[in-house]
Amino acid sequence: MGAGDLYYDPYDVEIDADPYPVYRRLRDEAPLYHNERLGFWGLSRYEDVVAALKDLKRLTSTKGDILEVVMAAPVMPPGIFINEDPPLHTIHRALVSRMFTPKKIKALEEKIRAFCAACLDPLVGGDRFDFVLDLGAELPMRTIGMLFGIPDSEQPSLRSTAQRALRNQPGKPLPVTKEKYFDGGNYGEYVKWRVDNPSDDIITELLTLEFTDLSGTVRTLTRKEVQIFVGVIAGAGVETTGRLFGWIGKVLAEHPDQRAELVADPTLIPRAVEELLRYEPPGPHVARYVTEDAEFHGQTVPAGSALLLMLSSANHDERQFPDSERFDIHRDFGQHVTFGHGAHFCLGSGLARLEGRIALEEVLKRWPDWEVDLSAARRAPTSTVRGWDSMPALIGRSV
C-alpha cells in the first residue's frame, strides 16, 4: 500500500474500532495530514502534538476543542474555560482549580471507596459483572455529585445530560450549529437550589467566592457563569472518566499475567492506571482553530483551518514510548498526553486517577481474574470520547 491510500476519519466506525495501525502510518507517512473531504488537518506525532498544545499564539481554544465545534465556530458564552485563552482562561482556571486541590480530592477517597463497595458487594458470588454498567456509569457521576453537593436522586439526570451533549450518530459528526453551542442551561436548577440551600460544596463556593475580572472589577460569578462552569466540569468528569472503566476490564483481561502481578502487589496499581490512560485514552483527540498560517513538516496550514491533535496517536508514538504498542504496567515513561499539556492540562486529572485506582483496587480484591464477553460488549456511539457503554466480564473465583 502507498501513501495515496492513507485515510483517517475520526467518525469512521471501522477505523475507530482499532485506529492504531492507521495512526502508525500517519506518523510515518503523513505527520501533517489533510482530510480534504472533511476539511481538517491533523497532527499525530508526540512531539508535534505537545508543541501544538502549548502554542497559544497560532492555535486557539476559543472556537472550541471538539473538531465539529471548531468547524462550526459557534458563539461561545463566557465561562467555558476550556474554550478560552489567557488572560481570561487564566482567571477562570484559577477559580476552578481551587475545587481540585490535592487536599479536596484526597478527602473524597473514603466516600469513593465506600460507593465502589456498595456497587460491587452485591455482585460477589455471581458469575457476571459489567465494568461499565455496574461501575463506570455510576462512580464518576456519584463523584461529581459529591463535589457539587447534588442530591443522589438528581445525579442520574446529571449523567444523561453529560452523555447527550457528546453523543453522535455512528459515522457522523456531532450536530453543532453556529447559533448555539452550550449555555449550561441544563444545570440551572442545581445552581438555583444551591443559592437557596448553601452547603460545603463546589457550587456554593463558586457562587460566593470573589475574584478580579479582566476589567479589574472585584466581583462574584453570575449565576449563569456558575452553571456553565458546572456543566463543563460535569461533562468532562462524567463522560470521559466513565470510559476508563471499560478499558480497565478489557485490557487487563487481555493481559492476565500483568493483572496477576497487580493482585500480588497492589502498590503497582497507580502505575497500571497510568499505563491504561496512555494505552487506551478515553479522549482520543482535541482540536484547535488556526489563527494564522502555520507551518508543519514543510507544509502550510492556512489561517481559519481546524487542526486535530491526535492524543491517542501521540501516546503510541514509538519515538517517545519504546515498544509503544505493548501494554506494560512497569513502563518507565515520560508524560503521556491523555490529559493534555500546558495551559489547558486537565484540572480533573487527579480525580480521574483516584477513581481509576480505587475502582481497580476494589475490583481486584473481589475478583482476581476474569474474562470479558466481547460478543455482548457495546461501544459508545461517540467520536469525542472512545470507549464502551457495556463491558461484561465473566468473573472467576471470589477472594
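A charge is taken to sit over a ring if NZ of Lys or CZ of Arg is within 6 Å of the ring centre and within 35 degrees of the ring normal. Arg379 meets this criterion over the face of Trp388, at 4.8 Å from the ring centre. Arg259 likewise lies over the face of Trp370, at 4.6 Å from the ring centre. The model is predicted: local features need pLDDT of at least 70, side-chain atom pairs count only at pLDDT 80 or more, and totals for chains, interfaces and linings use all residues. Residues are numbered from 1 along each chain as its sequence is written, and side-chain values use heavy atoms, with hydrogens and water left out.

Helices (H or I, at least four residues) and strands (E, at least two) are DSSP runs, numbered from the N terminus. The protein chain has 17 helices and 14 strands. Of its 399 residues, 57% are buried. Here, buried means under 20% relative accessible area, exposed over 50%, and partly exposed in between (1.4 Å probe, protein chains only). The accessible surface of the chain comes to about 16700 Å², computed by the Shrake-Rupley method with a 1.4 Å probe; for residues, only the protein chains shown count as cover. Carbon and sulfur atoms account for 53% of that surface. A contact is a pair of residues with heavy atoms within 4.5 Å. Among contacts between residues at least 6 apart in sequence, 72% join residues at least 24 apart.

Five strands form an open sheet of mixed pairing, in the order β1-β2-β10-β7-β3. β1 (32-35) and β3 stand at the edges with a single partner strand each, so one side of each is left without a neighbour in the sheet. Two strands pair if DSSP finds at least two bridges between them. Strand β7 (residues 286-290) pairs with β10 (residues 306-309) in the antiparallel sense, over four bridges. Within this pairing, Ala287 has Leu308 as its bridge partner. β7 also runs antiparallel to β3 (residues 59-60), joined by two bridges. There, Leu59 stands opposite Val290. Four of the five residues of β7 are buried, so the strand is largely enclosed by the rest of the structure.

Asp85 lies in the loop between α4 (67-72) and α5 (88-97). The residue is buried, at 14% relative accessible area. Neighbours within four places in sequence aside, Asp85 is in contact with Leu56, Thr60, Ser61, Thr62 and His344. Ser61 is 24 residues away along the chain, yet the two C-alpha atoms are separated by 6.3 Å. With Thr60, Asp85 makes a side-chain to side-chain polar contact at 2.4 Å. Such a contact is a pair of N or O atoms within 3.5 Å; within protein, one must be able to donate a hydrogen and the other to accept it, and residues adjacent in sequence count only if both atoms are side-chain atoms.

Nine aromatic pairs are present. The rings of Phe339 and Phe345 have their centres 6.2 Å apart and their planes at 70 degrees, so this pair is edge-to-face. Rings of Phe, Tyr and Trp (its six-membered ring) pair if their centres lie within 6.5 Å; planes under 30 degrees apart count as stacked, over 60 as edge-to-face and the rest as tilted. Phe339 is buried at 11% relative accessibility, whereas Phe345 is partly exposed at 22%. Ring pairs also link Phe129, Phe131, Trp367 and Trp370 into a cluster.
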